[in-house]
Amino acid sequence: MEEQNHKLRLISEHGCFGGSQRFYSHPSTEIGLRMRFSVYLPPQALAEPDTSVPALLYLAGLTCTEETFMIKAGAQRFAAEHGLALIAPDTSPRGALCPGEADDWDFGVGAGFYLDATQAPWSKHYRMESWLIRELLPMLCKELPLDAGRLGIFGHSMGGHGAFTLALRHPGMFKSLSAFAPISNPIDCPWGTKAFSGYLGAESGQWAAHDTSHLMAQQKAAPYPQGILVDQGLDDKFLDVQLKPERLEAACATVGQPLTLRRHAGYDHGYFFISTFIADHIAHHARLLKS
């Protein structure tokens, strides 16, 4: 393990809509490897030395990296307008597996599913939940002008699942929540069962603690009474088999959770879809984080 485990390494920095688009790495104690992430600081965060701004944690989907959202979504323009920072971590550890470890289960790289694995060989490094909640966010709020009391979370696909599960598993940490095409019931879809079997073991009784719809249905009251926003494309080839938004819709109704689930004809699962509606998501979070 490297010394100074929480030291940030700035890889690159780029001017962007009056703010700063940055790419970092750091040697993670929780993961046991160097992890990468990106941060967009809006112009409001750079204006005064003591200024802190609300921040949104974005969790990307399968096969993505810390670059995907920042390059493809077009979010920085709207984050700058609203004075919000954006954080986008990598989606899984890199270089974690030894040769032969994944011969019978080849799902790992790019598919961390934002949980802490309990099964070997994944349990050694695949600790995405602990990295995000216990290490990355506290470190960034300490080292950068981010307001730890005004954090929102959103994501896409696997990252939509991650946004919901982390928000529900860590009540009070995130003040706002939204998602694009989330995996809504991973214990009952091929992506989820494959990931959970590998990371959590074959005993499916352990899976519900990381299932979006199950976690929502178990709430005693609406966790986000001011509303959750979800967008779903109706031309998404994964809609019926993998995503199942109707399961999330039913779970929210069970606990009285206000949910705006917008279904869009002509839109698929990719970043053309995300970039079309990203302004609405940034505005949704800005309304709740700045109220």
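## Cysteines

A disulfide is counted here as a pair of cysteine sulfur atoms within 2.5 Å. By that rule, this predicted model contains zero disulfides. Cys64 takes part in no disulfide, and the nearest cysteine sulfur, which belongs to Cys189, is 16 Å away.

Is Cys64 buried or exposed? Cys64 is buried, with a relative accessible area of 10%. Cys141 is likewise buried, and its relative accessible area is 18%.

## Confidence of the prediction

The mean pLDDT of the protein chain is 93, and 93% of the residues reach 70 or more. Two stretches stand apart from this. Over residues 1-5 the pLDDT stays under 50, and the model has nine contacts beyond four places in sequence for them. Residues 98-105 also have a pLDDT that stays under 50, again with nine contacts beyond four places in sequence. Where pLDDT is low, the predicted coordinates should not be read in detail.

## The largest pocket and Lys175

The largest pocket has a volume of about 190 Å³. Its lining is formed by Ala167, Leu168, Pro171, Gly172, Phe174, Lys175, Gln219, Pro223, Tyr224, Pro225, Gln226 and Leu288. Sorted by class, the lining comprises eight nonpolar, three polar and one charged residues.

Lys175 is one of the lining residues, and it is found in the loop between α5 (158-169) and β7 (176-180). With a relative accessible area of 40%, Lys175 is partly exposed. Setting aside residues up to four places away in sequence, Lys175 touches Gly149, Arg150, Leu151, Tyr224, Leu288 and Leu289. Lys175 and Ile187 are twelve residues apart in sequence, and their C-alpha atoms are 26 Å apart in space.

## Backbone features in loops

The loop between β5 (85-89) and α4 (128-143) holds Pro121. A cis peptide bond joins Ala120 to Pro121, with omega about 0 degrees. Phe113 lies in the loop between β5 and α4 as well. Although Phe113 is not a glycine, its phi is positive, at about 60 degrees. Phe113 counts as buried, at 0% relative accessibility.

Where does Lys244 lie? Lys244 is placed in the loop between α8 (239-243) and α9 (245-255). The phi of Lys244 is near 50 degrees, a positive value in a residue other than glycine. Lys244 is buried, with a relative accessible area of 11%.

Phe69 belongs to helix α2, which spans residues 68-72. Why does Phe69 count as buried? Phe69 counts as buried because its relative accessible area is 1%, and the term applies to values under 20%.

Leaving aside neighbours within four places in sequence, Phe69 is in contact with Tyr58, Gly74, Ala75, Leu86, Ala88, Phe154, Tyr271 and Ile278. Phe69 and Ile87 are 18 residues apart in sequence, while their C-alpha atoms are 9.6 Å apart in space.

How values were computed: Residues numbered from 1 in each chain as written. Predicted model: local features only at pLDDT ≥ 70, side-chain atom pairs only at ≥ 80, totals over all residues. Heavy atoms only, no water. Buried < 20%, exposed > 50% of the residue type's maximum accessible area, 1.4 Å probe, protein only. 1 Å grid on protein atoms, 1.4 Å probe; cavity = no way out; pocket = protein on both sides within 12 Å on 5 of 7 lines; lining within 4 Å. Points joined across faces, edges and corners; volume = space filled by probe spheres on them. Nonpolar A, V, L, I, M, F, W, Y, C, P; charged D, E, K, R; others polar. pLDDT = per-residue confidence, 0-100. Contact = heavy atoms within 4.5 Å. Helix = DSSP H or I, 4+ residues; strand = E, 2+ residues; numbered from the N terminus.
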